[in-house]
Amino acid sequence: MTTTGEESAQWKTVEGPGRSRAKLIRALVALGVILAALGFVLFKGATNSLEYFLTVQQANAARAKLGDTSFRMEGVVVPGSVDPTPAGVDFTIRYNHAEDRVTEIGNPPELFQPSIPVVIQGHFQGNVFVSSLIEVKHSSNYVAEHPSRIKNAGGTTS
Amino acid sequence: MSRNAKLKRGVGITALVMIALTFWLGLYVTPPAEVMGNLVRMLYIHPPMAWIAYLAYGITTAASLLYLWKRTRRREWDLIAAASAEAGVFFTGLTILTGSIWGRPAWGVWWTWDALLTSTAVLFLLYLGYLALRQVPMSETKRGVRSAIAALVAFIDVPIVHESVYWWKTLHQTPSVLNPSLNVEVHGSMAWTLLLGFVAFTMAYVWMVWTRYETSKRQAELADLEVERAIRERLSVEEVSL
């Protein structure tokens, strides 16, 4: 049972161990990179997502413990309290009757406005919360803009 | 052209037309929203893409279960699972991308580590891992079983993503459509355009999975034929030599 070199050269080849090994290495490297990314995302999630923010009430209750550490705080921008400054904007944030005065350094996002819920990131400095980032929380309710819709208790549209 | 190919082409063209219609309605016909203004136009593509990701992973899980159960084990289930996972990863990527584009002007940030965004990133990586696992050289059955188990494990994250806005404090809003009371919180023509977006992207998903499944099936059949031909040729050469 012998074959010539010419005959074996005509044989169809199936994937050999060398090619298979290179494919294995490539797949394992890809899996390793994905696992590392997964580890990073899970770490960031564990350190940020589980307690994404404190409400104004919770932050005020824990003020002594918080000291000047940076954290996120949620509340609604009190109408009439927004005061643009050269550095950014000052406003008051409220949650369930608890309030804090906020000094924002930097530009607020496009949707920032009175009565909108926001999550601010920063720290307490005396009686003021110094924020470096405002994140606007929008609701899940989508209604068409209507120019003549009454927007305040006085019955006016602006 | 076979009836099957004609039907698939019909699905593809319908999906394209419906997506174009969604874009036209979303960009030119529907009104700006209160508070959100023109940023609302992302609504017509972002939630449908997230829905397709859920649907795709659901199909991958169902097909994987059918493959794992020995009485229903067929190559086709494994190929459907893989094709659907590929579409799922594609749409999860698009969900993250469109969410980021929407988030920058609406929230003020491209990305934040809140529970919904983080669990979505985890979902993306888990199914990317599933696809990478499928590239590891091994026998077809072993690959099918291992990747089916991986698909079942990865699916655990789907309900976590959906419920994260209720389980944890998040920056992301609660669902406007797929909420516990199924109360659609989108009004008027905006709701109809969103519905069209859901149907359009579902059609696109069906076309993608169908096409990918057929390609994979042909590839697998071709590989079988190649091996059979190689064995036949070798045997015939050996017979002549004897």
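# Exercises on a predicted two-chain model

In chain B, the end C-alpha atoms of residues 145–168 lie 34 Å apart, and this span is 92% helix and 0% strand.

**Exercise 1.** Determine where the buried residues of helix 6 of chain B lie around its axis, and what they pack against.

Solution. First find the buried residues: within helix 6 of chain B, which covers residues 157–167, B:Val161, B:Ser164 and B:Val165 are buried. These residues cover an arc of only 85 degrees around the axis, and therefore they sit on the same side of helix 6 of chain B. Now turn to the other side of helix 6 of chain B, where B:Pro159 and B:Tyr166 are exposed. Finally, look for the partner of the buried residues, which is helix 4 of chain B, made up of residues 115–134.

**Exercise 2.** Describe the side of chain B that touches chain A, by elements and by residue classes.

Solution. Begin with the numbers of residues: chain B brings 52 residues to the contact and chain A brings 42 residues. Among the elements of chain B, helix 3 (75–106), helix 4 and helix 7 (188–241) each supply at least two residues of the side that touches chain A. The largest share of that side, 11 residues, is supplied by helix 7 of chain B. To finish, sort the residues of this side of chain B by class, which gives 30 nonpolar, 13 polar and nine charged.

**Exercise 3.** Summarise how chain A is built along its sequence, and describe the span that UniProt lists in it.

Solution. Count the elements to begin with: chain A has four helices and seven strands. Their order along the sequence follows the pattern α-α-β-α-α-β-β-β-β-β-β. For chain A, the unreviewed UniProt entry lists residues 24–43 as "transmembrane region", and in the model this span of chain A is 100% helix and 0% strand, with 28 Å between its end C-alpha atoms. Chain A has 158 residues, of which buried residues make up 20%.

**Exercise 4.** Work out which strands pair with strand 2 of chain A, and in which sense each pair runs.

Solution. With strand 1 of chain A (residues 54–55), strand 2 of chain A forms a parallel pair over two bridges, in which A:Thr55 stands opposite A:Glu74. With strand 6 of chain A (residues 117–125), strand 2 of chain A runs antiparallel, joined by six bridges, and here A:Gly75 has A:Val118 as its bridge partner. With strand 4 of chain A (residues 88–95), strand 2 of chain A also pairs in the antiparallel sense, over two bridges, and A:Val76 is partnered by A:Arg94.

How values were computed. Residues are numbered from 1 along each chain as its sequence is written. Chains are lettered from A and ligands numbered from 1 in the order in which they are written. This is a predicted model: local features need pLDDT of at least 70, side-chain atom pairs count only at pLDDT 80 or more; totals for chains, interfaces and linings use all residues. A residue is buried if 20 or more other C-beta atoms lie within 10 Å of its own, exposed if 12 or fewer, and partly exposed in between; C-beta atoms are placed from the backbone. The arc is that of the directions from the helix axis to the C-beta atoms. Two residues are in contact if their C-beta atoms, placed from the backbone, lie within 7 Å. Ala, Val, Leu, Ile, Met, Phe, Trp, Tyr, Cys and Pro count as nonpolar, Asp, Glu, Lys and Arg as charged, and the others, Gly among them, as polar. Two strands pair if DSSP finds at least two bridges between them. UniProt positions are given in the numbering used here, feature names are shortened, and annotations may be inferred rather than shown by experiment.
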